[in-house]
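Subject: Structure for you to look through

Hello,

Please find the structure below, together with its sequence. My notes on what was found in it follow.

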Amino acid sequence: MNRRFDFWRHWLMGSIVITIFFGLALVALPDQSEGFFGWLLIEGDTYADRFGEEGAEYVTFLTGVLGSVIVGWGFLMAVIVARPLRNHEPWAWWALFGSLVLWFVVDSVLSVVSGYRSNVALNLVFLVAF
């Protein structure tokens, strides 16, 4: 039982590390982030094509803010997985589970309502990893 638990805890930590790097990429690589989200969400347009130059700067800023939030959320999850979850503290599982479910539901509903259904596919990739 412990080996199986350790396997999934390590899997979870790996998913968290990848998520943190994804968040850092959103901050540090704005051109690549624009290319990725342009492909995923706005049918290959650049931010400037879709939103104008001023709008593009603001969307790039918001993408960086999103990346920063992802990094902070990932760090907190990593701390919880490293100790409390390893020690089988029940609150740790609920904290991780709750934050993932809330993120997935709120983000996915917002994506569908806003007309960006393809973002749900990205959410599913992360949800499956977790």
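**What was found**

Leaving out residues up to four places away in sequence, Ser 111 touches Tyr 116, Arg 117, Asn 119, Val 120 and Asn 123; contact here means heavy atoms within 4.5 Å. Ser 111 is part of helix H4. With a relative accessibility of 5%, Ser 111 counts as buried (buried is under 20% relative accessible area, exposed over 50%, partly exposed in between, with a 1.4 Å probe and protein chains only).

Before going on, a word on what you are looking at. This is a predicted model, in which local features need pLDDT of at least 70 and side-chain atom pairs count only at pLDDT 80 or more, while totals for chains, interfaces and linings use all residues. Residues are numbered from 1 along each chain as its sequence is written, and side-chain values use heavy atoms, with hydrogens and water left out.

The score pLDDT is the predictor's confidence in each residue, from 0 to 100. Its mean over the protein is 91, and 98% of the residues reach 70 or more.

**Overall layout**

The protein has five helices and zero strands. Helices (H or I, at least four residues) and strands (E, at least two) are DSSP runs, numbered from the N terminus. In sequence order the pattern is α-α-α-α-α. Along the principal axes, the C-alpha atoms fill a box of roughly 55 × 30 × 20 Å. Of the 130 residues, 32% are buried. Among contacts between residues at least 6 apart in sequence, 57% join residues at least 24 apart.

**How the helices meet**

Two packed helices are described by the angle between their axes and the distance between the axes. Axes are lines fitted to C-alpha atoms, for helices over the stretch in contact, and angles run from 0 to 180 degrees between N-to-C directions.

The axes of H1 (residues 2-28) and H3 (residues 47-85) come within 7 Å and cross at roughly 160°. H1 and H3 are therefore roughly antiparallel to each other (under 35 degrees counts as roughly parallel, over 145 as roughly antiparallel, 65 to 115 as roughly perpendicular and the rest as oblique). The residues of this contact divide into 18 nonpolar, seven polar and one charged. Ala, Val, Leu, Ile, Met, Phe, Trp, Tyr, Cys and Pro count as nonpolar, Asp, Glu, Lys and Arg as charged, and the others, Gly among them, as polar.

For H3 and H4, the axes come within 9 Å and cross at roughly 155°. H3 and H4 are therefore roughly antiparallel too. The H3 side of the contact includes Trp 73 and Met 77, and the H4 side includes Trp 91, Trp 93 and Trp 103. By class, the contact has 13 nonpolar, one polar and no charged residues.

H2 and H5 (residues 118-129) have axes that come within 8 Å and cross at roughly 120°. Phe 36, Phe 37, Leu 40 and Leu 41 of H2 make this contact with Ser 118, Asn 119 and Leu 122 of H5. Five of these residues are nonpolar, two are polar and none is charged.

**One more residue**

Leaving aside neighbours within four places in sequence, Thr 19 is in contact with Ile 70, Phe 126 and Phe 130.

Regards
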